[in-house]
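Please examine the model shown here together with its sequence.

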Amino acid sequence: SSPTLAAANATLRQAEELHAAKGGATQYPQANLGINAQRQRLNPNMLGLNGDPRQFNLYTPSVEVSYNLDLFGGNRRTLEALAARVDYRRFELDAAHLTLAGSIAMTALTRARLAAQIDATVAILHAQDEQVRIANERVRLGQASPDEAFSLQAQVEQMRAGLPVLRKQLRQSEHLLAILVGRAPGKSNIPAFSLADFTLPSELPVVVPSELVRHRPDIQGAEALMHAANAEYGVAVAKLYPQINLSASLGSQALTTAALFGGSTLIWSLVGQLAQPLFAPGLPAEKRAALAAFDAAAANYQGVVLEALRNVADVLVAVEHDAQVLASIAAADKAAQASLIIVERQYQLGATGYLQVLIAQQQAHQTRINLVAAQTQRLTDSVSLYQALGGGVS
């Protein structure tokens, strides 16, 4: 339902129909049926004859056929250029599909990350509120100074101020998802994605051969544009050579409609035309311009390939480092959870205070927020890798 895909589909259909229209106009003879009726007044004196002017009707139905021999391939190269532009539009559609799929996946991951961060932030706020309550109680009992309670309260409010920002970003991600799938924001039920809904592929490539990158739609599109520029150069060259056109007509001409198609009313013509440019200073310049356009398309193709290789290399480096970061933060999360369990056991045995439990819970939740961010980054970069490879690695 994406409007982006609908527009790309329509543009592709337009290119296909333009190619079909040009093919029908140049590959086959053109036939036209004409019916001409006219009222004339003829003065014989204009022809050097005697007599009074006469008025009469003249009816002329006819069929005309014309054809361009295209000996030097101008029409064929024009069709070749249009076919290449159809390919370009098709690769544009593939790119739109790929970009849309990647955007949906990344936005869904962003929504899952924000939901997990909101849950962890709420848990931290609960622990901090409890710390503030204990601090206020200690102040009331004279076991702590008011500065300690005020300091904790400031930390809580700073943390609380970040919660509306996360919720705003969550709603914005839902609006973006709705738009990406062609729905109005706020009027569609967006799934409540969680990071547990997403899994990494079992294997991601470490080194990607350049032939694999060849599947990218932007590279194929740039190649199609270079093909079109080459064909258009051929069209410019063909204009420098003779053009041969053949045409024929067959019809009938009579003074009344009842007399049409009689044997004596038959008329016909056969015309052959050869045209060779003798003095046309614009044609060599047009040829040079077409050659320059081809050089530009070739340079653009080279630039697109180099940019694609850089994109893949960057994403591969990101994926590799994401794994290292995720492993470290996962180890930190495991240690924080283990520390929390130990502190809770100590509290149950009376070996530590409840405040230490709250601090350990806060540290564990903060580490979990970092873990969520690292997991999301790894998944997002994996999506980027699939996009960089043109939609897959198989």
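The sections below describe the sheet, the helix contacts, the aromatic pairs and some individual residues.

## Basis of the description

The model is predicted: local features need pLDDT of at least 70, side-chain atom pairs count only at pLDDT 80 or more, and totals for chains, interfaces and linings use all residues. Residues are numbered from 1 along each chain as its sequence is written, and side-chain values use heavy atoms, with hydrogens and water left out.

Helices (H or I, at least four residues) and strands (E, at least two) are DSSP runs, numbered from the N terminus.

## The sheet

Strands of a sheet pair through backbone hydrogen bonds, either parallel or antiparallel. Here 4 strands form an open sheet with antiparallel pairing, in the order β1-β2-β3-β4; two strands are taken to pair if DSSP finds at least two bridges between them.

The antiparallel pairing of β2 with β3 extends over 7 bridges. Val63 stands opposite Leu250 of β3, and Leu250 in turn stands opposite Trp268 in β4. Between β3 and strand β4 (residues 266–275), which run antiparallel, there are 10 bridges. Ser249 has Ser269 of β4 as its bridge partner.

## Ser66 in strand β2

Ser66 belongs to strand β2. At 32% relative accessibility, Ser66 counts as partly exposed; buried means under 20% relative accessible area, exposed over 50%, and partly exposed in between (1.4 Å probe, protein chains only).

Neighbours within four places in sequence aside, Ser66 is in contact with Pro29, Gln30, Leu246 and Ser247, where contact means heavy atoms within 4.5 Å. Ser66 and Ala31 are separated by 35 residues in sequence and by 6.7 Å in space, C-alpha to C-alpha.

## Helix contacts

The axes of helix α1 (residues 3–26) and α2 come within 9 Å, crossing at roughly 170°. The two helices, α1 and α2, are therefore roughly antiparallel to each other; angles under 35 degrees count as roughly parallel, over 145 as roughly antiparallel, 65 to 115 as roughly perpendicular and the rest as oblique. Sorted by class, the contact of α1 with α2 has 12 nonpolar, 9 polar and 5 charged residues. In this classification Ala, Val, Leu, Ile, Met, Phe, Trp, Tyr, Cys and Pro count as nonpolar, Asp, Glu, Lys and Arg as charged, and the others, Gly among them, as polar.

For α5 and helix α6 (residues 282–348), the axes come within 8 Å and cross at roughly 170°. This makes α5 roughly antiparallel to α6. The contact of α5 with α6 has 18 nonpolar, 2 polar and 5 charged residues.

## Aromatic pairs

A pair of aromatic rings is described by the distance of the centres and the angle of the planes. Rings of Phe, Tyr and Trp (its six-membered ring) pair if their centres lie within 6.5 Å; planes under 30 degrees apart count as stacked, over 60 as edge-to-face and the rest as tilted. By this rule there are 2 aromatic pairs. In one of them, the ring centres of Phe72 and Tyr241 are 5.0 Å apart and the planes are at 20°, so the pair is stacked. This pair links distant parts of the chain, 169 residues apart: Phe72 lies in the loop between β2 (54–68) and α2 (74–140), and Tyr241 in the loop between α5 (217–238) and β3 (243–252). Phe72 is partly exposed at 42% relative accessibility, and Tyr241 is partly exposed at 39%.

Phe193 and Phe198 form a tilted pair, with 6.0 Å from centre to centre and 40° between the planes. Phe193 is partly exposed, its relative accessible area being 23%; Phe198 is partly exposed at 24%.

Most residues other than glycine have a negative phi. Asp70, although not a glycine, has a positive phi of about 55°. Asp70 is located in the loop between β2 and α2 and counts as buried at 10% relative accessibility.

Gln128, in helix α2, is buried at 4% relative accessibility. Not counting residues up to four places away in sequence, Gln128 touches Gln155, Val156, Met159 and Gln362.

Terms used:
Axes are lines fitted to C-alpha atoms, for helices over the stretch in contact, and angles run from 0 to 180 degrees between N-to-C directions.
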